Amino acid sequence: MAELTVDNTYGIALYDAAKDLGKVDSMLEEAEAVLEIFKREKSFYSYLKLPAVSAADKKQTLKEVFSGRISQEMLNFLYVLEDKRRIGNYERIVRAYRKLKDEEEGKATGVVYSVVPLNEEQMEKLQGQTSALLRTNVVLRNEIDKNLIGGVKVLVDGKIIDASLKKRLEDLTAAIKS
């Protein structure tokens with residue numbers, strides 16, 4: 001639970017700073033670009049998390065890698081994370097930032113799981129139905145789940161809408177047993 005507090009604290013701090021600077025969108029783009037680099041260059045990210053290397057050395061490396069490529073504000077944020085030994089929380093911090101931005105814009109993001117890829121019309125229909133049900137603007141992305149027999153499962157902000165065939169069969173079995 002303490003990790004969630006850390007992630008939210010830093011996510012809120014970054015979001016508030018970006019809002020004050022009028023750079024909410026550009027800071028999110030930069031944060032996500034840095035995250036992609038961390039995911040792609042695992043050894044670089046592992047180096048930044050090493051406790052045996054001084055924060056000053058890691059900050060110098062960050063400067064060499066990112067100076068002129070990201071804003072000074074984002075670079076300063078990475079420095080703070082290094083100073084506080086929170087760089088390992090970076091992905092969750094970016095996720096918290098994105099969630100704050102979505103909430104402010106009155107939208108939620110989610111995932112619709114299906115056995116086969118859904119077409120654009122199906123996605124729009126599901127987004128509309130989910131938005132109406134949750135009373136917020138929902139943007140969904142489609143992921144394949146081969147464990148489903150049929151139907152779909154939607155996950156938005158920790159809420160699950162299970163319209164899968166497997167769930168229907170489980171409900172039917174429970175009804176027959178009772």
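A crossing of two helices is right-handed if the near helix is turned clockwise from the far one by less than a right angle. The views below are taken from a predicted model.

**View 1. Helix α2 crosses helix α5 with a right-handed sense.** Helix α2 covers residues 24-40 and helix α5 covers residues 72-83. On the α2 side, the contact is made by M27, E30, A31 and V34. These meet E73, M74 and L78 of α5. By class, the residues of this contact are five nonpolar and two charged, with no polar ones.

**View 2. Helix α4 packs against helix α5 at an angle of about 160°.** Helix α4 is formed by residues 55-66, and its axis is 9 Å from that of α5. Angles over 145 degrees count as roughly antiparallel, so α4 is roughly antiparallel to α5. The crossing of α4 over α5 is right-handed. From α4, the residues in contact are A55, K58, K59, L62, K63 and F66. Their partners in α5 are L75, L78, Y79, E82 and D83. This contact holds six nonpolar and five charged residues, and no polar ones. L78 of α5 takes part here and also in the contact with α2.

**View 3. The largest pocket has a volume of about 700 Å³.** It is lined by 24 residues. Closest to the pocket centre are R95, R98, K99, T109 and D157. Two or more lining residues come from each of the helices α1 (2-21) and α6 (90-104), and likewise from each of the strands β1 (107-114), β2 (137-144) and β3 (151-156).

**View 4. Helix α6 gives the largest share of the lining of the largest pocket.** Seven of the lining residues belong to α6. R95, R98 and K99, which are among the residues closest to the pocket centre, fall within the range of α6, residues 90-104. T109, also among the closest, falls within β1, residues 107-114.

Notes. Residues are numbered from 1 along each chain as its sequence is written. This is a predicted model: local features need pLDDT of at least 70, side-chain atom pairs count only at pLDDT 80 or more; totals for chains, interfaces and linings use all residues. Side-chain values use heavy atoms; hydrogens and water are left out. Axes are lines fitted to C-alpha atoms, for helices over the stretch in contact, and angles run from 0 to 180 degrees between N-to-C directions. Helices (H or I, at least four residues) and strands (E, at least two) are DSSP runs, numbered from the N terminus. Contact means heavy atoms within 4.5 Å. Ala, Val, Leu, Ile, Met, Phe, Trp, Tyr, Cys and Pro count as nonpolar, Asp, Glu, Lys and Arg as charged, and the others, Gly among them, as polar. On a 1 Å grid over the protein atoms alone, a cavity is a set of points where a 1.4 Å probe fits but cannot get out, and a pocket is an open set with protein on both sides within 12 Å along at least five of seven lines; lining residues have an atom within 4 Å of a point. Grid points are joined across faces, edges and corners, and a volume is the space filled by probe spheres set on the points. Angles under 35 degrees count as roughly parallel, over 145 as roughly antiparallel, 65 to 115 as roughly perpendicular and the rest as oblique.
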